[in-house]
Amino acid sequence: MYTIALVDDHILVREGLASLINSFPNYKVLFESDNGKQLIDNLNKEGLPDIILMDITMPEMDGYSTANWLKIHHPDLKVIALTVMDDELAIIRMLKCGAKGYLLKNCRPEELKQALNAVITKGYYFNDMVSSRLISSINKMGDLQYGQKIKGDLSERERQFLRHLCTDRTYKEIADIMCVSPRTVDSYRDNLLEKLNAKSRIGLVLYAIKHNLM
(Lines give C-alpha, C1' and ligand atoms only; values in the text may rest on other atoms or scores of the structure.)
Protein backbone atom coordinates (compact mmCIF):
# COMPACT_ATOMS: atom_id res chain seq x y z
CA MET A 1 0.00 0.00 0.00
CA TYR A 2 1.50 3.34 -1.09
CA THR A 3 0.71 6.50 0.85
CA ILE A 4 -0.07 9.94 -0.56
CA ALA A 5 0.05 13.36 1.08
CA LEU A 6 -2.25 16.02 -0.41
CA VAL A 7 -1.25 19.69 -0.28
CA ASP A 8 -3.86 22.16 -1.53
CA ASP A 9 -5.52 25.16 0.10
CA HIS A 10 -8.92 24.33 -1.41
CA ILE A 11 -10.77 21.95 0.91
CA LEU A 12 -13.23 20.69 -1.71
CA VAL A 13 -10.38 19.87 -4.08
CA ARG A 14 -8.52 17.99 -1.37
CA GLU A 15 -11.57 16.01 -0.30
CA GLY A 16 -12.38 15.07 -3.87
CA LEU A 17 -8.80 13.99 -4.51
CA ALA A 18 -8.69 12.02 -1.28
CA SER A 19 -11.86 10.13 -2.20
CA LEU A 20 -10.52 9.40 -5.68
CA ILE A 21 -7.08 8.26 -4.55
CA ASN A 22 -8.48 6.07 -1.80
CA SER A 23 -10.51 4.29 -4.48
CA PHE A 24 -7.33 3.33 -6.37
CA PRO A 25 -5.95 -0.12 -5.55
CA ASN A 26 -2.76 0.03 -3.45
CA TYR A 27 -3.06 3.74 -2.63
CA LYS A 28 -4.34 5.63 0.37
CA VAL A 29 -4.13 9.24 1.55
CA LEU A 30 -1.91 9.51 4.61
CA PHE A 31 -2.79 13.12 5.46
CA GLU A 32 -3.88 16.46 3.97
CA SER A 33 -2.32 19.92 4.31
CA ASP A 34 -3.43 23.46 3.43
CA ASN A 35 0.04 24.67 2.39
CA GLY A 36 3.73 23.87 2.46
CA LYS A 37 4.24 25.03 6.02
CA GLN A 38 1.50 22.73 7.30
CA LEU A 39 2.90 19.90 5.20
CA ILE A 40 6.25 20.20 6.96
CA ASP A 41 4.51 20.07 10.33
CA ASN A 42 2.51 17.01 9.25
CA LEU A 43 5.64 15.23 8.03
CA ASN A 44 7.00 15.43 11.54
CA LYS A 45 3.73 14.21 13.09
CA GLU A 46 2.31 11.72 10.61
CA GLY A 47 5.44 10.27 9.00
CA LEU A 48 6.70 10.32 5.42
CA PRO A 49 4.40 9.44 2.50
CA ASP A 50 5.55 7.79 -0.71
CA ILE A 51 4.27 10.63 -2.90
CA ILE A 52 3.30 14.25 -2.26
CA LEU A 53 0.59 15.56 -4.60
CA MET A 54 0.88 19.32 -4.37
CA ASP A 55 -0.62 22.50 -5.77
CA ILE A 56 1.65 25.43 -6.66
CA THR A 57 -0.33 28.52 -5.69
CA MET A 58 -0.86 28.33 -1.93
CA PRO A 59 -0.69 30.86 0.93
CA GLU A 60 2.19 31.02 3.44
CA MET A 61 4.43 28.59 1.53
CA ASP A 62 3.79 27.91 -2.15
CA GLY A 63 4.60 24.84 -4.22
CA TYR A 64 7.97 26.12 -5.46
CA SER A 65 9.29 26.85 -1.98
CA THR A 66 7.86 23.62 -0.59
CA ALA A 67 9.30 21.43 -3.35
CA ASN A 68 12.69 23.09 -2.95
CA TRP A 69 12.60 22.54 0.83
CA LEU A 70 11.72 18.89 0.28
CA LYS A 71 14.56 18.47 -2.22
CA ILE A 72 17.00 19.64 0.44
CA HIS A 73 15.57 17.95 3.55
CA HIS A 74 13.84 14.86 2.11
CA PRO A 75 15.38 14.23 -1.33
CA ASP A 76 13.86 10.75 -1.56
CA LEU A 77 10.29 12.06 -1.33
CA LYS A 78 8.58 12.17 -4.72
CA VAL A 79 6.59 15.32 -5.54
CA ILE A 80 3.93 15.58 -8.25
CA ALA A 81 2.63 19.05 -9.03
CA LEU A 82 -1.14 19.25 -9.54
CA THR A 83 -2.10 22.71 -10.70
CA VAL A 84 -4.05 24.85 -13.16
CA MET A 85 -0.81 26.49 -14.38
CA ASP A 86 0.19 25.17 -17.81
CA ASP A 87 2.85 27.71 -18.81
CA GLU A 88 6.45 26.76 -19.55
CA LEU A 89 8.01 28.79 -16.73
CA ALA A 90 5.87 27.13 -14.06
CA ILE A 91 6.68 23.65 -15.37
CA ILE A 92 10.42 24.25 -15.62
CA ARG A 93 10.55 25.96 -12.25
CA MET A 94 8.80 23.04 -10.53
CA LEU A 95 11.07 20.51 -12.23
CA LYS A 96 14.12 22.48 -11.11
CA CYS A 97 12.71 22.39 -7.58
CA GLY A 98 12.67 18.61 -7.76
CA ALA A 99 9.14 17.67 -8.91
CA LYS A 100 8.96 14.20 -10.48
CA GLY A 101 5.71 14.85 -12.29
CA TYR A 102 3.44 17.67 -13.43
CA LEU A 103 -0.33 17.37 -13.92
CA LEU A 104 -3.12 19.81 -14.65
CA LYS A 105 -6.21 19.76 -12.46
CA ASN A 106 -8.40 19.05 -15.47
CA CYS A 107 -6.67 15.71 -16.10
CA ARG A 108 -8.75 12.55 -16.08
CA PRO A 109 -8.67 10.17 -13.10
CA GLU A 110 -6.99 7.56 -15.30
CA GLU A 111 -4.05 9.88 -15.93
CA LEU A 112 -3.68 10.66 -12.22
CA LYS A 113 -3.51 6.94 -11.50
CA GLN A 114 -1.04 6.46 -14.34
CA ALA A 115 1.14 9.25 -12.95
CA LEU A 116 1.15 7.75 -9.45
CA ASN A 117 2.11 4.34 -10.83
CA ALA A 118 4.86 5.80 -13.01
CA VAL A 119 6.42 7.80 -10.19
CA ILE A 120 6.43 4.72 -7.97
CA THR A 121 7.90 2.38 -10.60
CA LYS A 122 10.07 4.70 -12.71
CA GLY A 123 10.64 7.68 -10.45
CA TYR A 124 9.00 10.26 -12.71
CA TYR A 125 6.01 11.01 -14.98
CA PHE A 126 5.88 13.54 -17.80
CA ASN A 127 2.98 13.59 -20.22
CA ASP A 128 2.80 15.00 -23.74
CA MET A 129 1.77 18.43 -22.46
CA VAL A 130 4.88 18.76 -20.30
CA SER A 131 7.15 17.38 -23.03
CA SER A 132 5.84 19.84 -25.61
CA ARG A 133 6.27 22.79 -23.23
CA LEU A 134 9.83 21.74 -22.45
CA ILE A 135 10.76 21.37 -26.11
CA SER A 136 9.19 24.75 -26.88
CA SER A 137 11.18 26.31 -24.08
CA ILE A 138 14.39 24.67 -25.27
CA ASN A 139 13.91 26.14 -28.73
CA LYS A 140 13.78 29.61 -27.19
CA MET A 141 16.95 29.19 -25.14
CA GLY A 142 20.52 29.76 -26.19
CA ASP A 143 23.17 27.06 -26.12
CA LEU A 144 24.95 28.76 -23.21
CA GLN A 145 21.97 27.95 -20.98
CA TYR A 146 23.31 24.43 -20.72
CA GLY A 147 26.96 25.31 -20.21
CA GLN A 148 29.88 26.00 -22.52
CA LYS A 149 30.40 22.36 -23.47
CA ILE A 150 29.50 21.23 -26.97
CA LYS A 151 28.64 17.74 -28.10
CA GLY A 152 32.14 17.28 -29.54
CA ASP A 153 33.46 17.24 -25.96
CA LEU A 154 31.48 14.11 -25.12
CA SER A 155 32.77 10.58 -25.53
CA GLU A 156 30.80 8.06 -27.54
CA ARG A 157 29.81 6.23 -24.35
CA GLU A 158 28.56 9.49 -22.84
CA ARG A 159 26.49 10.16 -25.97
CA GLN A 160 25.10 6.65 -25.83
CA PHE A 161 24.21 7.13 -22.16
CA LEU A 162 22.46 10.44 -22.94
CA ARG A 163 20.37 8.76 -25.64
CA HIS A 164 19.21 6.12 -23.16
CA LEU A 165 18.35 8.85 -20.64
CA CYS A 166 15.83 10.24 -23.12
CA THR A 167 13.76 7.06 -22.79
CA ASP A 168 11.69 5.85 -19.84
CA ARG A 169 14.31 3.26 -18.89
CA THR A 170 15.56 3.10 -15.32
CA TYR A 171 19.26 3.49 -14.54
CA LYS A 172 19.49 -0.26 -13.91
CA GLU A 173 17.93 -1.01 -17.29
CA ILE A 174 20.38 1.40 -18.94
CA ALA A 175 23.27 -0.38 -17.21
CA ASP A 176 22.05 -3.74 -18.54
CA ILE A 177 21.72 -2.41 -22.10
CA MET A 178 25.19 -0.82 -22.00
CA CYS A 179 26.65 -4.00 -20.42
CA VAL A 180 28.13 -2.10 -17.49
CA SER A 181 27.51 -2.09 -13.76
CA PRO A 182 24.97 0.26 -12.13
CA ARG A 183 27.93 1.98 -10.45
CA THR A 184 29.43 2.75 -13.86
CA VAL A 185 26.13 4.24 -14.99
CA ASP A 186 26.09 6.37 -11.83
CA SER A 187 29.58 7.54 -12.76
CA TYR A 188 28.44 8.48 -16.29
CA ARG A 189 25.55 10.46 -14.79
CA ASP A 190 27.64 12.28 -12.18
CA ASN A 191 30.36 13.16 -14.68
CA LEU A 192 27.84 14.53 -17.17
CA LEU A 193 26.00 16.53 -14.51
CA GLU A 194 29.28 18.25 -13.68
CA LYS A 195 30.51 18.55 -17.26
CA LEU A 196 27.25 20.01 -18.59
CA ASN A 197 26.44 22.07 -15.50
CA ALA A 198 23.10 20.27 -15.16
CA LYS A 199 21.14 19.68 -11.95
CA SER A 200 19.20 16.49 -12.70
CA ARG A 201 18.25 13.87 -15.29
CA ILE A 202 15.83 16.40 -16.77
CA GLY A 203 18.72 18.80 -17.36
CA LEU A 204 20.68 16.09 -19.16
CA VAL A 205 17.67 15.20 -21.30
CA LEU A 206 17.20 18.86 -22.21
CA TYR A 207 20.84 19.04 -23.29
CA ALA A 208 20.45 15.91 -25.42
CA ILE A 209 17.36 17.33 -27.12
CA LYS A 210 18.97 20.72 -27.64
CA HIS A 211 22.03 19.17 -29.32
CA ASN A 212 20.17 16.54 -31.35
CA LEU A 213 21.71 13.63 -29.47
CA MET A 214 18.47 11.65 -29.14
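**Salt bridges in the model**

Modeller: Please note that this is a predicted model. Let us begin with Asp190, which counts as partly exposed because its relative accessibility is 39%.

Biologist: Which residue forms a salt bridge with Asp190?
Modeller: Arg189 does, and the closest N and O atoms are 3.2 Å apart. Arg189 is also classed as partly exposed, since its relative accessibility is 21% and the buried class ends under 20%.

Biologist: How many salt bridges are there by this rule?
Modeller: The count comes to eleven salt bridges. One of them joins the side chains of Lys37 and Glu60, at 3.9 Å from N to O. This pair links distant parts of the chain, 23 residues apart: Lys37 lies in helix 2 (residues 36-46), and Glu60 in the loop between strand 3 (51-54) and helix 3 (63-73).

Biologist: Is Glu60 buried or exposed?
Modeller: Glu60 counts as exposed, at 66% relative accessibility. Lys37 counts as partly exposed, at 48%.

Biologist: Turning to helix 8, what separates Asp176 and Lys172?
Modeller: They are four residues apart in helix 8 (residues 171-178), so about one helical turn separates them. Asp176 and Lys172 form a salt bridge, with their closest N and O atoms 3.5 Å apart. Lys172 is exposed, with a relative accessible area of 54%.

Biologist: Why can such side chains pair?
Modeller: Side chains of opposite charge can pair when their charged atoms come close.

Biologist: Which residues are linked in a network of salt bridges?
Modeller: Such a network links Asp8, Asp55 and Lys105.

Notes: Residues are numbered from 1 along each chain as its sequence is written. This is a predicted model: local features need pLDDT of at least 70, side-chain atom pairs count only at pLDDT 80 or more; totals for chains, interfaces and linings use all residues. Side-chain values use heavy atoms; hydrogens and water are left out. A salt bridge is a side-chain nitrogen of Lys or Arg within 4 Å of a carboxyl oxygen of Asp or Glu. Helices (H or I, at least four residues) and strands (E, at least two) are DSSP runs, numbered from the N terminus. Buried means under 20% relative accessible area, exposed over 50%, partly exposed in between (1.4 Å probe, protein chains only).
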